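Please keep the structure in view while working through the numbered points.

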Amino acid sequence: MNDKSDYRRVTQILYPFSGLEKIDKEIVQHAAERGTKVHQICEGIMMGLGELNVDDETRPYVESFKKWWEIGWSIREMEKRFWCDELKITGQVDLIIDTEHGLAIVDIKTSYKPSTTWQVQGSAYAYLARKAGYNVKRLYFLHLDRKGGQPKLIEYEIDEGFFLSVLRVFNHFFGE
């Protein structure tokens with residue numbers, strides 16, 4: 001197996017376009033830690049382990065997630081990392097599920113509001129998944145409600161060309 005330590009993560013590629021550098025680093029760090037905790041709890045729910053390590057901060061997000069999960073979904077992959085040797089990029093998909101329209105990527109988000117980078121991020125994941133043999137047809141972002149209400153399921157068009165253009169810009173300005 002070749003060394004993949006120099007592969008760029010999709011989130012690293014999108015960071016300069018995200019606006020996160022304008023937000024206090026401690027706030028961004030706390031939000032990232034909260035998101036990681038919520039993801040871990042949601043994984044436990046999907047694996048049938050129940051709600052583990054839920055606290056006051058994560059509870060509303062978990063309640064929001066359960067409103068989506070109770071519909072019943074067939075999971076093909078969970079927390080699956082993909083690699084592209086040609087472009088030297090990597091990305092980790094939260095979920096690939098079976099739907100009536102075929103395979104769909106679902107990315108779970110706990111942010112305050114949707115980001116303009118989500119479509120590019122999801123398109124990158126679709127690109128990586130397709131290169132690995134998954135015939136992904138749909139792209140969804142599950143935006144969990146911070147007050148525990150119904151989450152928003154946002155569908156984006158898969159636009160691999162858009163992602164590849166952003167990657168090209170990133171490599172031009174930030175590549176080594």
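1. At what angle do helix H2 and helix H3 pack, and how far apart are their axes? In this predicted model, helix H2 (residues 25-46) packs against helix H3 (residues 59-69) at an angle of about 40°, and the axes lie 10 Å apart. H2 is therefore oblique to H3. The crossing of H2 past H3 is right-handed.

2. The residues that form this meeting can be named. From H2 come Arg34, Val38, Ile41, Cys42, Ile45 and Met46, and they meet Tyr61, Val62, Phe65, Lys66 and Trp69 of H3.

3. Two cysteines deserve a comment. Cys42 counts as buried because its relative accessibility is 0%. Cys84 also counts as buried, because its relative accessibility is 3%. A search of the whole structure finds zero disulfides.

4. The largest nonpolar core comprises 29 residues, and Ile96 and Ile105 have the most contacts inside it. At least two residues of this core are supplied by each of several elements, including helix H1 (10-18), strand S2 (74-84), strand S3 (89-99) and helix H5 (160-174). H4 gives the most, with eight residues.

5. When its neighbours within four places in sequence are left aside, Ile96 is in contact with residues among them Ser74, Ile75, Phe82, Leu103, Ile105, Ala129 and Tyr134.

Note on methods:
Residues numbered from 1 in each chain as written. Predicted model: local features only at pLDDT ≥ 70, side-chain atom pairs only at ≥ 80, totals over all residues. Heavy atoms only, no water. Disulfide = S-S within 2.5 Å. Buried < 20%, exposed > 50% of the residue type's maximum accessible area, 1.4 Å probe, protein only. Core = buried A, V, L, I, M, F, W, Y, C linked by side-chain atoms within 4.5 Å. Helix = DSSP H or I, 4+ residues; strand = E, 2+ residues; numbered from the N terminus. Contact = heavy atoms within 4.5 Å. Axes fitted to C-alpha atoms, helices over the stretch in contact; angles between N-to-C directions. Parallel < 35°, antiparallel > 145°, perpendicular 65-115°, else oblique. Left-handed = near helix turned anticlockwise from the far one by under 90°.
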